[in-house]
Amino acid sequence: MSATVDILDAIPSYDAPEGGRLGDAAVAAYRQAGVLVLRDFVSSDSCRRLQQRANELVAEFDPADVRSVFSTTKQTQLDDSYFIDSGDKIRFFLEDDAFDESGELRQAKEHSLNKMGHAMHDLDPVFDTFSRTPELAELAKRLGFDDPVILQSMYIFKPPRIGGEVVCHQDSTYIYTEPESCIGFWFALEDATLENGCMHFIPGGHKLPLKKRNVRKQDGRLVTETLDATPWPEDRKVAAEVPAGTLVIFDGRMPHLSAPNQSSKSRHAYTLHVIDRRCHYPAENWLQRSDQLPLRGFA
Ligand code: FE2
């Protein structure tokens, strides 16, 4: 770890600001830590409505059509066009351990999914409504965005018993702009605890270099290139145990991870990744939008 990087012991935590008007102290805390917890940002009604809509979409999905899995450990997903072409669609990704040896789902369909992505916020009215509120627009402004656009949305299921580990990574590896502008908005739709695989962050770790970059090669393959092989200071990770309704904001460079969910409870979360339209978005990034579905901000 570079001596100039000040790794902190805690994640700054505030009550959700009225109207999204994040105060100067909270903004400063975010800049210092690279991560910020905002309690009670979303009402339980809104959380429930999004979960209900996710359930409806899952009900329409037939796992027999797709054996695609997402794994940051095995990266099998990254060669798969089902994933690569999902930037402007609503697609479903199963957990590594979803199927047993005979090819049957081990658990019910809704408890077999890793995530749904990556354009619910532009394609589904309920997700659109959740993702675009005056509070989020104001928050983005206070965080320094000039022209924020929501690049992708993901519904994370983290199902009971088979919810997979997510190894330490930076989201700017996958969502890269020049200059870097990615910020993640992570909404807890259910309580996230140590038992069900809550997120962990390394506060202050956003000042570390970008360690990897995922690029699309000319033949269409996605390759993750290592830019800096220094190990993460994972001994300094801090668990973000947060109740449903909490919003966690984190810098694209923030190292974060989550343990497997071995409990009997799911850990549903919804994430948005926001970039600044004024920054250059390279053609080598995996996620490319068709002209039919232009990127939009919070309005
Ligand atoms: Fe991530």
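Let's start with helix H2, whose 17 residues at 1.5 Å a residue should span 24 Å; the end C-alpha atoms are 25 Å apart, which agrees. Please keep in mind throughout that this is a predicted model.

Which residues of H2 are buried? They are Cys-47, Leu-50, Gln-51, Arg-53, Ala-54, Leu-57 and Val-58. Looking down the axis of H2, you would find these buried residues within an arc of 160 degrees, so they line one face of the helix. Their packing partners are E3, strand E4 (113-118), H5, E5, E7 and strand E14 (269-276). On the face of H2 turned away from the buried side sit the exposed residues Ala-59 and Glu-60.

## The iron site

Which residues supply the protein donors of the iron ion? The donors are His-169 (NE2), Asp-171 (OD) and His-256 (NE2), and they lie 2.2 Å from the ion. Along the sequence, the donor residues follow the spacing H-x1-D-x84-H. Asp-171 and His-256 are both buried.

Ser-172 is also worth a look, and its place is in the loop between E6 and E7. Is Ser-172 buried or exposed? Its relative accessibility is 1%, and because buried means under 20%, Ser-172 counts as buried. Beyond its neighbours within four places in sequence, Ser-172 has contacts with Glu-180, Cys-182, Leu-210, Gly-252 and Arg-253.

## Aromatic pairs

Searching the whole structure turns up twelve aromatic pairs. One of them is formed by Phe-61 and Phe-92, with ring centres 4.4 Å apart and planes at 20 degrees, so this pair is stacked. Phe-61 is in the loop between helix H2 (44-60) and helix H3 (81-84), whereas Phe-92 is in strand E3 (residues 90-94), so the pair ties together parts of the chain that are 31 residues apart in sequence. Both partners are buried: Phe-61 has a relative accessible area of 8%, and Phe-92 has a relative accessibility of 7%.

Phe-127 in helix H5 (residues 125-131) and Tyr-155 in strand E5 (residues 148-156) are 28 residues apart, and their pairing links distant parts of the chain. Phe-127 is buried, with a relative accessible area of 0%, and Tyr-155 is buried at 0% relative accessibility. Ring pairs join Phe-127 and Tyr-155 with Phe-130, Phe-157, Phe-187 and Tyr-270 in a cluster.

## Lysines over rings

Where does the charged end of Lys-211 sit? It sits over the ring of Trp-232, 5.0 Å from the ring centre. Lys-115 lies over the face of Phe-93, and here the distance to the ring centre is 5.5 Å.

## Backbone points to check

Most residues other than glycine have a negative phi, and most peptide bonds are trans. The peptide bond from Gly-117 to His-118 is cis, with omega near 5 degrees, and His-118 is part of strand E4. Glu-178 and Pro-179 are also joined by a cis peptide bond, where omega is about -10 degrees. Pro-179 is in the loop between E6 and E7, which is also where Ser-172 is found.

The loop between E5 and E6 holds Lys-158 and Arg-161. Lys-158 has a positive phi near 35 degrees without being a glycine. Arg-161 is not a glycine either, and its phi is positive at about 70 degrees. How accessible are these residues? Lys-158 is buried, with a relative accessible area of 3%, while Arg-161 counts as partly exposed at 48% relative accessibility.

Terms used
Residues numbered from 1 in each chain as written. Predicted model: local features only at pLDDT ≥ 70, side-chain atom pairs only at ≥ 80, totals over all residues. Heavy atoms only, no water. Donors = N, O, S within 2.8 Å, 3.2 Å for Na, K, Ca; no water. Buried < 20%, exposed > 50% of the residue type's maximum accessible area, 1.4 Å probe, protein only. Helix = DSSP H or I, 4+ residues; strand = E, 2+ residues; numbered from the N terminus. Contact = heavy atoms within 4.5 Å. Phe/Tyr/Trp six-rings, centres within 6.5 Å; stacked < 30°, edge-to-face > 60°. Lys NZ or Arg CZ within 6 Å of the ring centre and 35° of its normal. Expected span 1.5 Å × (residues − 1). Arc of directions from axis to C-beta.
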